[in-house]
Amino acid sequence: MTARGLSERRALRVIGMSASALRYRPAPDRNLVLREHIVSLAQRHRRYGSGMIYLKLRQAGVVVNHKRVERLYAEARLQVRRRRCKKVPVSDRQPLGRPQAANHVWSMDFVFDRTAEGRVIKCLTVVDDATHEAVAIVPERAIGGQPLTRILDHLAIHRGLPQAIRTDNGKEFCGRAMLGWSHDRGVKLYLIEPGKPNQNAYIESFNGRLRDECLP
C-alpha cells in the first residue's frame with residue numbers, strides 16, 4: 001500500500017495492524033545451545049527424565065535453573081513413556097524375600113536392545129537375590145529354552161546352582177526344556193504373577209540400571 005502512495009500510518013490503519021507489530025523483530029533464541037545439549041543427553045540416556053538430565057548438566061558444569069531444564073525438556077517432547085500394565089489372569093504369588101546366603105535364590109530376566117543396523121539383541125541377566133551380584137549377562141541374537149539351560153549348566157561349573165530361580169512367565173522360563181532341567185537338577189522355579197514385575201524387584205532394579213548405564 002505504501003508503494004501506491006499511502007503513508008505507513010494510513011496503511012496500518014487500513015489493515016488493522018499496529019506499528020509495533022510491523023517493526024517487531026524476534027529476539028535470538030538464548031536457549032538454543034542448552035536445548036541442543038538437553039536433546040543430546042536425552043538421546044544418549046533414553047531412560048533419563050528431566051531430573052537426571054538436570055543432574056548431568058550440573059555435573060558438566062552448566063549453571064542452569066532446573067525449571068528451565070524441565071520446560072525445554074517438555075517442549076522437545078522428551079518425556080519417557082510409561083508402560084501400560086496389561087490385564088492378565090492372576091496366578092499364585094510367590095513371596096519376595098531376601099535370602100540369607102548366596103546361591104539360595106537367583107532371579108532371571110531378559111533385556112532387549114538393538115544394534116546400529118537395527119538387529120535385536122537379547123540379553124539374559126541373572127542376579128543373586130542375597131548379594132545383588134550380577135551372576136551373568138549373556139547377550140545373544142536369540143535365546144530359547146534349550147540354550148537357556150546350557151547357559152545355566154555352564155554357570156554351574158564355576159559357581160554351582162541355586163536352590164531356586166525366580167522368573168516371570170516368559171515362554172523360555174515356562175517351557176518344557178526349563179521345566180525338565182529344573183526337575184533333573186533339583187532347582188525350584190518361582191514364577192511371579194503375570195503383570196506383577198514388583199514381585200521380581202531385584203532383577204527389575206538391576207535391569208533398569210543396565211539400560212541406563214550400558215544400553216543408552
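Good morning. Lysine 122 is buried, and glutamate 172 is buried as well; buried means under 20% relative accessible area, exposed means over 50%, and partly exposed lies in between (1.4 Å probe, protein chains only). These two residues form a salt bridge, with their closest N and O atoms 2.5 Å apart. Lysine 122 belongs to strand S2 and glutamate 172 to helix H7 (residues 171-174), so the pair ties together parts that are 50 residues apart in sequence.

The model is predicted: local features need pLDDT of at least 70, side-chain atom pairs count only at pLDDT 80 or more, and totals for chains, interfaces and linings use all residues. Residues are numbered from 1 along each chain as its sequence is written, and side-chain values use heavy atoms, with hydrogens and water left out. Helices (H or I, at least four residues) and strands (E, at least two) are DSSP runs, numbered from the N terminus.

I turn to the other salt bridges. The term denotes a side-chain nitrogen of Lys or Arg within 4 Å of a carboxyl oxygen of Asp or Glu. By this rule the count is 8. One of them joins arginine 185 to aspartate 153, with the closest N and O atoms 2.9 Å apart. This pair links distant parts of the chain, since arginine 185 is in helix H8 (residues 176-185) and aspartate 153 is in helix H6 (residues 145-159), 32 residues apart. Arginine 185 is partly exposed at 38% relative accessibility, and aspartate 153 is partly exposed at 27%.

Within helix H5 (residues 66-75), arginine 71 and glutamate 75 are 4 residues apart, which means that about one helical turn separates them. Their side chains meet in a salt bridge of 3.4 Å, N to O. Arg71 and Glu75 are also linked with Arg35 in a network of salt bridges.

Finally, I come to helix H9. Which residues of H9 are buried? They are Tyr202, Ile203, Asn207, Leu210 and Arg211. They lie on the same side of H9, because they cover an arc of only 160 degrees around the axis; the arc is that of the directions from the helix axis to the C-beta atoms. On the other side of H9, Arg209 and Glu213 are exposed. The buried residues of H9 pack against strands S1 (105-114), S2 (120-128) and S3 (134-140), where contact means heavy atoms within 4.5 Å.
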